[in-house]
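Good morning, and thank you for making time for this.

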Amino acid sequence: MDVTIIGSGIIGFLSTIVLTDAHYKVAIIARDLPGDQNQDWASPWAGAAIYPHPDVKGQSLQTESFKYYWALAHGDPTSGVQVVKATEFYDDRDDDSTIWYKRVVPRYRLHPKGELYPGAKLGFTYQSMTVNPLVFLPWIKKVLEAHGVRFIRKQVHSIEEAKHIVKCDIAVHASGLGAAQLAGDKDVLPIRGQTMFLETDFDELAMFQGSHYTYVIPRMYSGGAIVGGVSQEGNLDHNMDESLRPDILWRVKRLFMGRL
């Protein structure tokens, strides 16, 4: 049975891995492909970190994703995936009763009150992974090509158009915000972020969530880290907002007490 994946980001590629492992014949059709760095797709600009989420559904999928990247980090460092110490802080929950993945991640440790980020009510540390998408996307594309996956660079305007071009039985939609147009999904909500790259040898992953959204994500092979950020619902502006820069840097420096 033939399958078409619409979209060549992280979700599209990992969906393709699963399907080829199950012996499906897969083609990927996408407007953007690894190597492109325009701002119309998210994957090359991600930090990126493997952070399970305490409040969303799909815990089994999150667990399997964690296991996949964990094996990849230990099995092939050329993939751009590395194991790092991860720390999370929250000021919108009092304890870790909602942190379901504390039973999944290695070396989970709850922080005493004296080790918390200013204003945080909860903090904990464990081992997780970061992914350099500029390394990972080309790496996984080569893996997929070795599995016989065909890549078609084309912008499509509907799922049916994609199925017609590739002549497939099943189409998997993995184009992110493209669902608003391709699938007519009116519930799709864009969320704008803004990040910066800092040259640093600091190699820990950290995030604060609740009243603000702040993170530091080391990037393998880059000599630095991606720092941010903001989470602006409904904002599709591609332009950098210079006014956010000092606020982001101030929050990031507080997060690691000037160790960056």
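Before anything else, one term: a residue is called buried when its relative accessible area is under 20%, exposed when that area is over 50%, and partly exposed in between, with a 1.4 Å probe and protein chains only. By that rule aspartate 32 counts as buried, because its relative accessibility is 7%.

Let me also say what we are looking at. This is a predicted model, in which local features need pLDDT of at least 70 and side-chain atom pairs count only at pLDDT 80 or more, while totals for chains, interfaces and linings use all residues. Residues are numbered from 1 along each chain as its sequence is written, and side-chain values use heavy atoms, with hydrogens and water left out.

How confident is the prediction, then? The pLDDT, which is the predictor's confidence in each residue on a scale from 0 to 100, has a mean of 91 over the protein, and 98% of the residues reach 70 or more. Helices (H or I, at least four residues) and strands (E, at least two) are DSSP runs, numbered from the N terminus. Confidence is lowest in helix H5, residues 179-182, with a mean of 83, and highest in strand S5, residues 122-131, with 97.

Let us turn to the interior. A nonpolar core is a set of buried Ala, Val, Leu, Ile, Met, Phe, Trp, Tyr and Cys residues joined through side-chain atoms within 4.5 Å. Which residues touch the most other members of the largest core? Among its 43 residues, they are Tyr69, Val81, Tyr101, Phe136, Ile140 and Leu144. Apart from this core lies another, of 18 residues, including Phe89, Tyr117, Phe208 and Leu249. If contact means heavy atoms within 4.5 Å, tyrosine 69 is in contact with Ile10, Leu14, Ile50, Val81, Met129, Val131 and Phe136, leaving aside its neighbours within four places in sequence.

Threonine 16, in helix H1 (residues 10-21), is buried, with a relative accessible area of 0%. Not counting residues up to four places away in sequence, threonine 16 touches Ile5, Val26, Ile28, Leu144 and Val149.

Threonine 125 sits in strand S5 and is buried too, at 7% relative accessible area. Its side chain is joined to that of threonine 87 by a polar contact of 3.3 Å, where a polar contact is a pair of N or O atoms within 3.5 Å; within protein, one must be able to donate a hydrogen and the other to accept it, and residues adjacent in sequence count only if both atoms are side-chain atoms.

Now to the charged residues. In general, side chains of opposite charge can pair when their charged atoms come close. A salt bridge here is a side-chain nitrogen of Lys or Arg within 4 Å of a carboxyl oxygen of Asp or Glu, and the structure holds ten of them.

In helix H6 (residues 245-255), aspartate 247 and arginine 251 lie four residues apart, about one turn of the helix, and their side chains meet in a salt bridge of 3.0 Å, N to O. Elsewhere, salt bridges that share partners join Asp55, Asp92 and Arg93 into one network.

Arginine 251 is also one of the residues touched by tyrosine 213, which is placed in the loop between S10 and strand S11 (214-219) and is partly exposed, at 30%.
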